[in-house]
Amino acid sequence: MRNTNEMTVEFWSVPQNESFARMVVAAFITGTNPTLEEVSDIKTAVSEAVTNAIIHGYEGMEGVVKIKAVVTGRTVYLEISDKGLGIMNIKQAMEPLYTSKPEEERSGMGFSFMEAFMDRLEVESTYGSGTTVKMWKEIGVAGHSFE
């Protein structure tokens with residue numbers, strides 16, 4: 001039996017697709033037999049990454065958000081990417097409470113939530129070319145860290 005499974009899905013950068021992204025990833029990872037808490041954690045992280053791509057990556061312009069999900073054994077790897085505006089200063093953007101859109105009452109907690117709910121988070125971005133958020137979570141191993 002194959003130990004790795006992979007899927008890729010692409011969708012338009014419209015807000016109603018955020019819930020679609022959460023559900024498709026949740027359905028995809030069921031083979032790892034995750035707990036409800038693990039599913040909730042992953043859905044929250046996906047929601048934050050996709051919302052960032054839609055709101056900050058494309059800023060109202062049309063574009064495509066891509067999710068790559070890979071399950072290897074009990075490890076879930078997620079990659080959410082866009083070809084939008086990119087992030088000028090990743091370190092600043094990842095600071096808790098930082099938001100580039102305070103006028104829209106954004107909390108600035110997106111990356112903090114991703115870090116809190118996943119075991120590992122990496123962000124790659126080229127200003128003007130897009131962003132890729134990479135996240136890992138080990139299913140069924142409480143307190144596991146990829147550090």
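Follow the sequence along and you'll trace β-α-α-β-β-α-α-β-β.

Before zooming in, note that this is a predicted model, with local features needing pLDDT of at least 70 and side-chain atom pairs counting only at pLDDT 80 or more, while totals for chains, interfaces and linings use all residues. Residues are numbered from 1 along each chain as its sequence is written, and side-chain values use heavy atoms, leaving out hydrogens and water.

Next, select residues 17–28, which is helix α1. Its buried residues (under 20% relative accessible area, 1.4 Å probe, protein chains only) are Asn17, Glu18, Ala21, Val25, Ala26 and Phe28. What do they pack against? Show β1 (4–12), α2 (36–57), β2 (64–72) and β3 (75–82) to see their partners.

Now for the largest nonpolar core: buried Ala, Val, Leu, Ile, Met, Phe, Trp, Tyr and Cys residues joined through side-chain atoms within 4.5 Å. Of its 35 residues, pick Ile42, Val50, Ile67, Leu78, Phe111 and Met135, which touch the most other members. Then colour α2, the source of the largest share of this core, with 8 residues.

Finish on Met135. Setting aside neighbours within four places in sequence, Met135 has contacts (heavy atoms within 4.5 Å) that include Ala45, Val76, Leu78, Met114 and Leu121.

Terms used
Helix = DSSP H or I, 4+ residues; strand = E, 2+ residues; numbered from the N terminus. Expected span 1.5 Å × (residues − 1). Buried < 20%, exposed > 50% of the residue type's maximum accessible area, 1.4 Å probe, protein only.
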